[in-house]
Amino acid sequence: MDRGKSHRETTASIASTAEPSPISAAEAFLVNALCVLALAFAFWVSNVIYSINLVTHPSLTLFFISITELPIVILLYSRYRQNGIRCTYLQAVGRGVLGVPVGALLNFLGAVALGAPVTIQYLPKTVNWALMMSVFTTVPASCVLGSSWADWRRIFAQTKPNGSIEYLICLPAHGAVIGAWFGAWPMPLDWERPWQEWPISVSYGTIAGYLVAMVASLGFVLARGRSQHIKRE
Amino acid sequence: MEASGMGGEGGCGKWGYIWAMWTTVFLHMVAILFFTAGFLLTRTELPHHSHCSDVSHSPCFSPLNNNGSCWTKPATNRLVLIVLDALRIDFVAPSTFFPESKPWMDKLPVLKNAASSRPLSARIFKAIADPPTTSLQRLKGLTTGGLPTFVDVGNSFGAPAIVEDNFIYQLVQNGKKVVMMGDDTWTQLFPHHFQTSYPYPSFNVKDLHTVDNGCIEHLLPSLYKEDWDLLIAHFLGVDHAGHIFGVDSTPMIEKLEQYNTILERVIEVLENQSGPGSSHENTLLVVMGDHGQTLNGDHGGGSAEEVETALFAMSFKKPHSSVPPEFDSSSCQLDLDGKNVCVSTMQQLDFAATVSALLGIPFPYGSIGHINPELYALGADSWNLDASQKLSESDIWMQNYVNALCINSWQVKRYVDAYSASSAVGFSHDDLSRIAGVYTQAENHWSHSTKKLLLDRQNDSDILVPALKRQIDAYFKFLTIVSELARSKWTEFDLNMMGTGIGIMLISLIFQVFTILRANKKHAVMLSSSEDSWIITGSIFTIFLLGIRACSFLSNSYILEEGKVANFLLSTSGIVTLRQSVIQGKLLIESIGFLILSTFCRFAIEVGLSKQAATSAFMKDYTSWIINIASGLSVWDYAAEVVPMVVLILLAAWLYRVTSGSFFNWPWKYVILGTILCYVLIIVHWISDSDRFGGPLMPQSIGKTYIPRIIYAISLGQLLLLAFGQVFKSNSLDCKTILVAKTTAVLSAWSSTVILLSGKQGSIVAFASIVGGYFIMKFVNIEDGKVGSCRSFSIMQWSLFATCLFFCSGHWCAFDGLRYGAAFIGFEEFVLVRQAILLAIDTFGFSIILPVFGLPLLVATKYQADVGKHFIFTQLSKMYTTYGLITAITTTFTILCVTIHRRHLMVWGLFAPKFVFDVFNLILTDVLICLASIYYFDQGKEVPELK
């Protein structure tokens with residue numbers, strides 16, 4: 001749950017001044033829809049075909065969600081990379097793949113700081129949860145932004161997204177983190193429900209936050225598009 | 001940055017800054033006094049015991065001449081007491097007594113059949129227990145005949161052993177032997193009373209069988225033995241089955257069926273040996289529950305399901321007389337088989353008196369129950385030996401009963417008088433005089449008419465019986481008044497008082513908020529108008545975190561995991577700071593370090609919480625988490641001994657470096673040197689204490705007792721020096737430097753005692769708190785250039801960190817979380833005030849004393865030296881008020897929570913201890929804030945320092 005994605009050796013590139021690749025509202029909708037569909041597909045397959053779910057097999061399900069969502073997120077977001085001329089599509093994909101372990105590590109450490117269990121029994125669950133978090137938070141950002149520290153800081157620390165694609169990165173990532181944070185709240189209650197175990201409720205919170213923020217980001221993109229339209233007129 | 005504008009305000013001096021704090025303390029104390037008087041039911045335990053010879057002081061007939069019996073004529077020789085934990089009345093009584101037949105009813109047919117086939121010698125009672133309906137309190141109530149409350153003020157310092165008089169003690173005292181099997185609560189309550197005991201651990205709720213199987217194994221063989229007069233068998237299965245599966249479940253029904261089989265066999269064995277001359281000729285069997293349970297298996301509160309339990313009593317003699325109908329409370333119904341079953345009603349409060357009367361031992365001194373006529377009647381026939389008179393059996397029984405009641409009333413009156421004389425919060429004067437009036441009336445009737453009638457053996461029953469009945473009614477009236485009064489005093493919350501307390505508490509909160517706002521307004525001039533977004537974000541986060549923390553106290557689960565919740569919030573605040581530091585592009589290392597520190601705290605808290613679950617290492621000296629970790633390898637053992645010392649040496653070195661700073665002049669310098677000396681002494685103490693290094697260095701006694709005392713003395717001396725040193729201070733330094741020096745000095749003076757009391761973990765926790773405090777201090781400066789920017793977030797962080805330190809140092813909010821061992825460091829014998837102070841310092845040292853005195857560091861590091869004294873002091877007082885407000889808000893929520901949950905199952909187990917801790921926390925924080933403000937705000941003249 002690390003919002004400040006720090007410690008990346010950066011050459012505070014001036015590239016951030018370059019306007020990110022434009023994205024229309026329809027495209028934004030398509031990107032979000034595909035991400036949501038992939039998520040739904042992952043749930044459906046794990047439920048129906050493998051007959052597992054978050055409550056019975058949390059690590060497997062989380063892993064399955066991650067590997068279903070990951071290629072779609074990378075492939076989609078790499079299309080909207082910054083500096084499209086200097087950076088090829090493949091490079092963007094590579095950056096996205098690199099973002100997975102880094103994001104997973106940061107999320108893992110954040111979760112441990114907030115009290116996630118670290119015993120051997122829980123380790124795979126925590127790791128798989130961190131992978132999923134990283135797919136939701138850092139992977140899209142690393143595809144689009146690359147290693148531009150200034151951009152990372154602007155989006156994740158200051159929460160000042162600039163342009164439609166940055167809304168699509170910033171809001172869902174924040175939504176996932178905040179959702180996970182709230183998802184931890186039912187854990188200490190003594191209802192003795194199976195879903196109160198780590199990381200099930202947190203994962204539900206993550207996904208709920210992610211979905212809500214997706215819709216919100218779409219709303220922002222639409223609103224922005226309209227205001228720009230007006231300005232241009 | 002000009003402070004001169006504010007110079008005019010300095011006229012009111014020191015008191016201008018601190019009057020608000022004193023008002024707050026006063027308001028809080030009044031509020032808490034009111035609330036506590038209404039909520040915490042308190043009773044004083046009297047140390048007196050009844051003696052055989054006492055009865056000669058009573059106006060009643062004493063049977064002393066009568067073959068060695070004591071107060072009353074014994075009606076039974078031996079008693080088999082089978083306690084089935086959490087026995088609901090509908091387990092025992094036939095289902096026809098209840099509106100609906102449920103699966104768990106009629107599962108103990110053996111009791112019902114006995115009661116219906118032999119109504120004169122076996123009876124079923126609905127026994128009404130008094131809350132709190134937890135096993136420990138109920139067993140205490142059953143044996144002492146009193147009404148145990150949450151706070152039984154007495155001589156037991158932590159240990160649950162009963163010090164009050166009780167019938168087990170009386171039995172032992174009168175040469176009878178007691179055998180116990182089952183729930184080990186009994187052995188905790190009566191550590192030295194049992195001839196033989198077979199205790200089994202009761203805390204594992206998931207284990208339905210260990211205790212019961214142990215009981216079964218020993219129960220039947222014991223019945224054949226002759227070496228006991230009272231046999232106690234306490235079965236726990238039904239209680240545990242209820243907790244885990246609920247009442248309507250297969251395990252519960254299986255348990256009841258199992259009990260039915262056992263009870264059948266017990267009755268069979270007793271029956272077979274009940275012939276004349278056999279060992280159970282004169283035995284009474286009692287099968288009872290200590291409390292009921294709800295359908296979910298909960299108990300502890302005062303709802304009907306929880307307080308209504310069953311009592312079955314059976315005597316194996318030939319039945320003789322029945323109770324006169326005036327005293328018969330039974331109601332009868334046909335059961336499913338068409339047999340007539342009667343169920344009577346009694347109070348559990350009366351159990352101790354009745355059993356004592358049946359066994360012929362002195363009634364427990366503090367018993368306020370009366371002898372239940374129906375239960376007493378079961379032992380009736382053994383008085384008929386001298387039946388030479390023309391009276392019927394029932395009349396003879398009544399003669400005996402009236403005499404027993406006479407003794408009973410006299411004993412209760414004696415207790416009420418003694419209680420009012422010795423307890424600080426006794427009964428009111430009106431109540432006492434009312435009691436005395438009723439008693440005198442009954443006693444006059446006894447001495448002037450009844451006694452004479454009884455002595456004159458020629459009386460006809462026509463004259464005698466009405467007189468006896470009137471006498472019995474008079475005694476009943478007296479005993480009922482006493483028990484009602486005691487109930488209202490000891491088991492009922494006073495909602496008006498509680499409401500008043502909450503109201504005053506809310507007023508104090510409003511007052512504090514008002515004070516802060518006023519201070520803010522005063523400084524509106526000085527605040528640079530460029531309000532930064534961080535100020536707003538910080539304030540919002542503060543309110544958010546505080547709100548979550550306060551609301552978390554409304555649920556028992558969060559209270560149980562309070563340490564984890566506090567740490568979660570601390571880490572969250574750390575992440576927010578990290579985010580802020582990324583925005584500002586500075587202090588990155590510090591904020592990451594803070595997160596790492598809170599992660600460490602988190603592990604320490606988890607180790608502490610795991611200890612809470614199994615509280616076996618209770619009176620151990622160092623029940624610290626270091627030892628827990630180190631119990632494995634010998635290398636770890638070694639490290640666990642050495643690491644704290646190394647850390648302490650580091651601390652001493654750091655302090656030495658601080659003193660070498662130029663601005664420390666004499667009072668502070670010597671204080672800090674004294675602390676370094678203390679640290680050295682602590683190390684020596686640890687070395688001499690440990691098995692590994694100790695021994696050859698010096699005699700144990702010096703290390704064990706004298707070194708701690710020297711350290712306490714040095715600390716006290718340092719504090720006195722600091723308090724009076726101000727008078728001689730040279731005013732050459734600027735205000736900020738003095739503030740830093742003062743803070744460091746007072747912290748170091750406290751630290752040696754706190755570390756010593758906390759044991760080996762102390763130095764590590766102290767190190768952690770210094771590091772954490774340093775980081776938070778740095779974070780105050782995260783926004784540069786803005787004088788008077790909002791520090792509420794830092795204060796919240798400070799307070800959360802203090803809470804985490806409380807849990808890190810191995811405490812939790814329950815009385816078994818107190819480390820009693822710490823109270824005896826340096827002292828062997830127990831002196832209440834001294835040991836209580838030491839215990840308080842150990843418990844709250846890291847979480848209140850050090851944080852409160854260290855708070856000025858947050859102000860001092862923020863400003864340049866030139867902002868002027870008045871400004872700094874106003875900031876400081878605002879800061880203290882904010883800190884006090886944070887504590888007050890959390891405590892207010894705890895108070896609201898116990899008010900809402902006052903009938904909750906865990907009110908005595910969880911909420912009330914939390915309440916006591918929080919209230920203590922609040923008062924201590926307030927008082928320390930006041931002391932700190934006196935110490936920090938000196939009266940020196942305001943020197944307008946202009947830039």
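The model is predicted, so local features need pLDDT of at least 70 and side-chain atom pairs count only at pLDDT 80 or more, whereas totals for chains, interfaces and linings use all residues. Residues are numbered from 1 along each chain as its sequence is written, chains are lettered from A in the order in which they are written, and side-chain values use heavy atoms, with hydrogens and water left out.

In chain A, helix α2 (residues 58-78) packs against helix α3 (residues 89-114) at an angle of about 140 degrees, their axes lying 9 Å apart; helices here are DSSP runs of H or I with at least four residues, and axes are lines fitted to C-alpha atoms over the stretch in contact, with angles from 0 to 180 degrees between N-to-C directions. Leu70(A), Ile74(A), Leu75(A) and Ser78(A) of α2(A) meet residues of α3(A) including Tyr89(A), Gly96(A) and Val100(A), where contact means heavy atoms within 4.5 Å.

Asp842(B), in helix α28 (residues 832-854) of chain B, is buried, with a relative accessible area of 0%; buried means under 20% relative accessible area, exposed over 50% and partly exposed in between, with a 1.4 Å probe and protein chains only. Leaving aside neighbours within four places in sequence, Asp842(B) is in contact with Leu757(B), Ser758(B), His811(B), Arg819(B) and Ala822(B).

Conventions
Helix = DSSP H or I, 4+ residues; strand = E, 2+ residues; numbered from the N terminus.
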